[in-house]
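Here are my notes on this one, as promised. Have a look at the model first, then read on.

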Amino acid sequence: MSGREIEYVKQAFESNFIAPVGPQLNQFEYSFCEVSGFDHCVAVVNGTAAIHLILRHLGVGPGDIVLASTLTFVGSVAPVLYQGAELVFIDSDPNTWNMDPSLLEQEIKRLMKLGRKPAAVIPTELYGLPCDLDRIVDICSPHGIPVVCDCAESLGASYRGRPSGVGSTAAAFSFNGNKIITTSGGGMVASDDAKLINDCRYLAAQARQPVLHYEHHDIGYNYRMSNIIAAIGLGQLEVLNDRVKQKRWINERYREGMKDLPGISFMPKTDYGKSNCWLTVILIDKDVAGFGALDLIRALEAANIESRPVWNPLHRQKIFASCRCINTGVADLLFKIGVCLPSGTSLEGRDISRVCQVVKQLGGE
């Protein structure tokens, strides 16, 4: 927490707006527009709900196909199944770890020949590194395919000089407890399309008609963010730049601390964008380093240091066993040899040095 969240929460209590409506909620949405670079925003309960609302607005349903990143969290794609649509996974570009635009283009061409235009494309901006959004949009726009950018991990990152996600049909953000800023839970739909945002706002409030009594012509959802949660968000937005700065500092300290270690490499940087470094991730070449990813995770655990593997690609998981995947093996390899290191903004230099020391000791130094 920044320290000022309690002030905004106090204002919310004093205003007596506790439900999912109120001045703090309005201000949070307005302020998020300024930060995110989008014209319109609507605050919801989480990032998954944000993606669900966007897909619902786009009319995605049974018989439709949605193309999505395979190297991501399940919440990025679960809404496709909520809507009864078919998922096709796209593997990662080895130079970015994000959705491979070449594979995406290949699959879109194949589907178009079959007369099955995809209903949407969902690229995830992995670990805070923006995807090559312009290229993805250029591939999709001639066919009228909307791009829903999963920016749950990339708030504060930049792409070609603009905020992450700007240029997509709509973007979904997350304020989960582990994100770069948090409201404990929560998410945001952001878009330059006012009609899309208004529809998402309507659906998120149980699709209630604007009349005196409770009237419903559509099935909606209880997805609106509460005013209290939004108050926390106001305090968090004030320190977003500080959080990004700290995350990048942590990443550079890790890179410096492991620069001479054989078999250790870091998530790539790109010339088109700048990551917020939400998580610092390394790859371990077992043949060179003398130990593997799981060895390191266990060694860190023995030192009371938490770490995790890279996302388990969704095409590998039982619930998606029937889904087609344009698979080149990149995401599979990243899962096998990747480790997410401690990356919380409370970390100090000595904490990072301690992690680096465990890695060095495991390598025999």
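1. Some ground rules. Buried means under 20% relative accessible area, exposed over 50%, and partly exposed in between (1.4 Å probe, protein chains only). Helices (H or I, at least four residues) and strands (E, at least two) are DSSP runs, numbered from the N terminus. This is a predicted model, where local features need pLDDT of at least 70 and side-chain atom pairs count only at pLDDT 80 or more, while totals for chains, interfaces and linings use all residues. Residues are numbered from 1 along each chain as its sequence is written, and side-chain values use heavy atoms, with hydrogens and water left out.

2. Take a look at helix H8 (residues 227–237): 10 of its 11 residues are buried. Among them are Asn227, Ile228, Gly233 and Gln236. The buried residues of H8 pack against helices H1 (5–15), H2 (23–36) and H9 (240–257), with contact meaning heavy atoms within 4.5 Å.

3. Now the largest pocket, which holds about 650 Å³ of space. Of its 27 lining residues, Asn178, Trp278, Leu279, Arg308 and Ser343 are the closest to its centre. H9, strand S13 (308–309) and strand S15 (338–341) each give two or more residues to the lining. For pockets, the grid is 1 Å over the protein atoms alone; a pocket is an open set of points where a 1.4 Å probe fits, with protein on both sides within 12 Å along at least five of seven lines, and lining residues have an atom within 4 Å of a point.

4. The second largest pocket has about 310 Å³. Thr48, Phe73, Ser174, Asn176 and Lys179 lie nearest its centre.

Definitions and conventions: Points joined across faces, edges and corners; volume = space filled by probe spheres on them.
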